[in-house]
Amino acid sequence: MYDIAIIGSGPGGLAAAVYAARARLSTVVITGDEFGGQIASTHEVDNYPGFEKGIMGPDLTMKMQAQSERFGAEVITDFITDLDVDGPPFKLTGRLGHYEARSVLITTGASYRKLGIPGEAELVGRGVSYCGTCDAAFFPDVPVAVVGGGDSAIQEGLFLTRFASSVTLIHRRDELRAGAFLQQKAFEHEKFKFIWDTVVTEIVGDQGVKKLLLNNVKSGEESTLDVEGIFIFIGHDPNTAIATGKLDMDDHGYILANHLMHTSVEGIYVAGEAQDSHFRQAITTAGDGVKAAMEAIHFVENLPEEAPTLTEAAST
């Protein structure tokens, strides 16, 4: 039995663990399959406050883990497959064990939709990116490509024009899905170029991206595009399967929460990209985690002391 169980080990979960453990509540972080979440696969993080020279993504999460453990948080490598929301206490089922907690924080994040083509996974962090705001500054005065046709692709592409020498948007259709105002800004920008009816079939490079192999979906014509970066914006999928049918969610699978990070079940909170489809930044996720932890601390401290554990309740 823990006071607070945190599902997920990205910046939101680890920031929450610092606050929860520092409040002298028994706290567990259940990491999921990938410790540190998306940020842990980022080669260099240049926009997280406090690191004037930047920091490697894995180093940032390891520092956050060490800080939480200094206050007594326990970090367990497991993947939660089921959450019983009939509590408190709440029961969590993992692949390796079962856990009970008086309060639960869901910080499972979201996953970028991938192209699933050769070279993509191998060159992540070395020219392949899913966040222009995060990585644009690493591509000064070099050509880059953007894949997608929605608002995110255009917004991030316009941000990239501040740094890159040119931004070529590659879209599998012959028209954009983005809003009219964004489209106009992109069409009028001197650095913005467009390749229509085309998909990327391979990303070529060794230590970094060198070129893209392209295929026109209408004509079948193949071509290449020399770039040093490719930014992929074809959507996100929140990692919220454990909450499906148990917590209120929107049509896209994001958990609904109020400004205090409360979900539809009292005692269960959510932080980061499991509920945020807009900002998707490590620092905003960490802030969400802190807010959720502070609310969970207040919730636990106001529970009746005689509240039984699930194990105790089952035996009576």
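Modeller: Contact here means heavy atoms within 4.5 Å. This is a predicted model, in which local features need pLDDT of at least 70 and side-chain atom pairs count only at pLDDT 80 or more, while totals for chains, interfaces and linings use all residues. Residues are numbered from 1 along each chain as its sequence is written, and side-chain values use heavy atoms, with hydrogens and water left out.

Biologist: Where does Thr-61 lie, and is Thr-61 buried or exposed?

Modeller: Helices (H or I, at least four residues) and strands (E, at least two) are DSSP runs, numbered from the N terminus. Thr-61 lies in helix H2, residues 57-70. For burial, we use relative accessible area: buried means under 20%, exposed over 50%, and partly exposed in between, with a 1.4 Å probe and protein chains only. Thr-61 has a relative accessible area of 1%, so Thr-61 is buried.

Biologist: What would a contrasting case look like?

Modeller: Asp-206 is exposed, because its relative accessible area is 56%. Leaving aside neighbours within four places in sequence, Asp-206 is in contact with Leu-123 and Arg-126. Asp-206 and Arg-126 are 80 residues apart in sequence, with 9.0 Å between their C-alpha atoms.

Biologist: How many salt bridges are there in the whole structure?

Modeller: A salt bridge is a side-chain nitrogen of Lys or Arg within 4 Å of a carboxyl oxygen of Asp or Glu. The search of the whole structure finds seven. One of them joins Lys-246 to Asp-82, with the closest N and O atoms 2.5 Å apart. This pair links distant parts of the chain, 164 residues apart: Lys-246 is in the loop between strand E16 (236-238) and strand E17 (268-270), and Asp-82 is in strand E4 (residues 80-84). Lys-246 is partly exposed at 29% relative accessibility, and Asp-82 is partly exposed at 35%.

Biologist: Which residues are linked in a network of salt bridges?

Modeller: Asp-174, Asp-197 and Lys-218 are. Between Lys-218 and Asp-174, the closest N and O atoms are 3.4 Å apart. Lys-218 lies in the loop between strand E13 (209-216) and strand E14 (222-226), and Asp-174 in the loop between strand E10 (166-170) and helix H5 (180-188), so the pair ties together parts 44 residues apart in sequence. The side chains of Asp-197 and Lys-218 also meet in a salt bridge, at 3.6 Å from N to O. Lys-218 is exposed, at 59%, Asp-174 is partly exposed, at 46%, and Asp-197 is buried, at 13%.

Biologist: What is the phi of Asp-197?

Modeller: The phi of Asp-197 is positive, about 55°, although Asp-197 is not a glycine. Met-261 also has a positive phi, about 75°, and is not a glycine. Met-261 lies in the loop between E16 and E17 and is buried, because its relative accessible area is 4%.

Biologist: Which cysteines form a disulfide?

Modeller: A disulfide is a covalent bond between the sulfur atoms of two cysteines. The search looks for a pair of cysteine sulfur atoms within 2.5 Å, and here it finds one. The partners are Cys-131 and Cys-134, with sulfur atoms 2.2 Å apart. The torsion about their S-S bond is about 70°, so the disulfide is right-handed. Cys-131 is buried at 9% relative accessibility, whereas Cys-134 is partly exposed at 23%.

Biologist: Where are the cis peptide bonds we can look at?

Modeller: One joins Gly-87 and Pro-88, with omega about 5°. Another joins Pro-88 and Pro-89, with omega about -5°. Pro-88 is in the loop between E4 and strand E5 (90-94), and Pro-89 is in the loop between E4 and E5.
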